[in-house]
Each structure stands twice: as C-alpha cells, then as structure tokens.
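Here is my note on this structure. Please read the points with the model open beside you.

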Amino acid sequence: MGRVEKVVASLFFSGYFPLFPATVGSAVTCVAYWFLFPENPYLQAGLIVVVFFVGVYLSSRLIKEWGPDPRRVVIDETCGMLVALFMVPKSLLLVIIAFLLFRFFDIAKPFPIRRSQRLKSGWGVVIDDLLAGIYTRLVLLLVYFAWSRLA
C-alpha cells in the first residue's frame with residue numbers, strides 16, 4: 001500500500017493519534033468542513049460520494065495490511081461527518097452538535113449500524129459511519145428546526 005493511500009485513509013495521519021483516533025479524525029473533518037467544504041450543494045454531494053467510494057476502496061486494501069476495521073483508517077469518519085453536515089448552515093454551534101451526535105451514534109451503534117459492520121471488506125468499515133452520519137443528520141435537522149422556531 002502506497003504512502004499517499006495511507007495519508008488519505010488516515011486523513012493526513014490523524015488516524016495515527018494514539019488515543020481516540022476516530023474522534024480525532026471526526027474533529028479534523030469538522031475543521032476541514034469549516035474552512036474547505038464548498039457551499040454548493042452539488043459539489044458537497046459529489047465530494048461525499050467520492051469520499052465514500054475512496055473510503056471503501058482504501059479500507060478494503062488496508063484491511064489486508066492492518067487487519068479488520070483498522071483504527072488508523074478514519075476516512076470512514078470523514079464520510080459520516082460530511083453526510084451529517086451536508087447543506088447545514090455554517091454555524092459553530094451546529095458543527096459542535098453534529099460532532100457530538102456523530103460520535104454518540106458511532107460509538108453506541110444503534111440498529112442497524114452495528115449489524116452493518118458485518119458487511120464484507122471496506123463496505124463494513126464505511127457503511128456504519130455513513131449510517132451514523134445519517135442518524136446525526138436527522139437529529140441535527142430536528143434540533144435546527146426547533147431552534148429556528150424558538151429564535
């Protein structure tokens with residue numbers, strides 16, 4: 001496996017952090033979202049699709065080298081966080097809430113997130129974070145609409 005592939009899969013080595021690499025990878029994704037994520041929804045959707053398939057491909061390859069569901073691979077957290085933040089107004093409070101919700105769903109793994117980890121190869125690595133991102137997005141939308149009603 002090439003060095004560039006490991007850099008991408010580990011989100012610029014944030015997956016090498018000795019403690020809570022998935023949380024660190026999620027936090028790095030939030031910072032990248034804040035400064036680099038395009039405002040255009042079509043570009044956002046396209047980027048999410050690319051990250052998803054690149055994540056499945058790289059995870060599938062790195063499982064052979066690093067073992068099942070390798071901790072250093074955090075591109076799956078990137079995919080999930082981007083789904084959670086898709087078309088969300090850039091608000092620091094919303095990004096923080098999304099981060100906390102995503103980490104909750106990624107750790108608690110409510111149905112069918114835990115079951116999705118049984119999928120073969122890189123699919124099982126990325127799909128569970130994709131589902132955690134969808135759960136986060138749904139709750140975040142409820143929070144956003146409730147918040148906008150109160151404001």
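1. Start with the charges. The protein chain carries 15 positive and 9 negative charges. Their mean positions lie 3 Å apart. Keep in mind that this is a predicted model.

2. Now the surface. The protein chain exposes about 8,400 Å². Carbon and sulfur atoms supply 73% of that area. As for the interior, buried residues make up 46% of the 151 residues; a residue is called buried when its relative accessible area is under 20%.

3. Which secondary structure elements does the protein chain hold? It has seven helices and zero strands. Along the sequence the pattern reads α-α-α-α-α-α-α. The radius of gyration is 15 Å, close to the 15 Å that the globule rule gives for 151 residues, so the protein chain is as compact as a globular protein of that length.

4. Next, the overall extent. Along its principal axes, the C-alpha trace spans about 50 × 30 × 30 Å. Look at contacts with a separation of 6 or more: residues 24 or more positions apart account for 73% of them.

5. Finally, the record. An unreviewed UniProt entry lists residues 12-36, 42-60, 81-105 and 125-147 under "transmembrane region". Two of these stretches deserve a check against the model. Residues 42-60 are 100% helix and 0% strand, and the C-alpha atoms at the ends are 27 Å apart. Residues 81-105 are 76% helix and 0% strand. There, the end C-alpha atoms are 11 Å apart.

Conventions:
Residues numbered from 1 in each chain as written. Predicted model: local features only at pLDDT ≥ 70, side-chain atom pairs only at ≥ 80, totals over all residues. Heavy atoms only, no water. UniProt positions renumbered as here; feature names shortened; annotations may be inferred. Helix = DSSP H or I, 4+ residues; strand = E, 2+ residues; numbered from the N terminus. Rg over C-alpha atoms; globule rule 2.2 N^0.38 Å. Buried < 20%, exposed > 50% of the residue type's maximum accessible area, 1.4 Å probe, protein only. Contact = heavy atoms within 4.5 Å. Areas by Shrake-Rupley, 256 points an atom, 1.4 Å probe, with all protein chains shown as cover. Lys, Arg positive; Asp, Glu negative; His and termini not counted. Charge placed at Lys NZ, Arg CZ, Asp CG, Glu CD.
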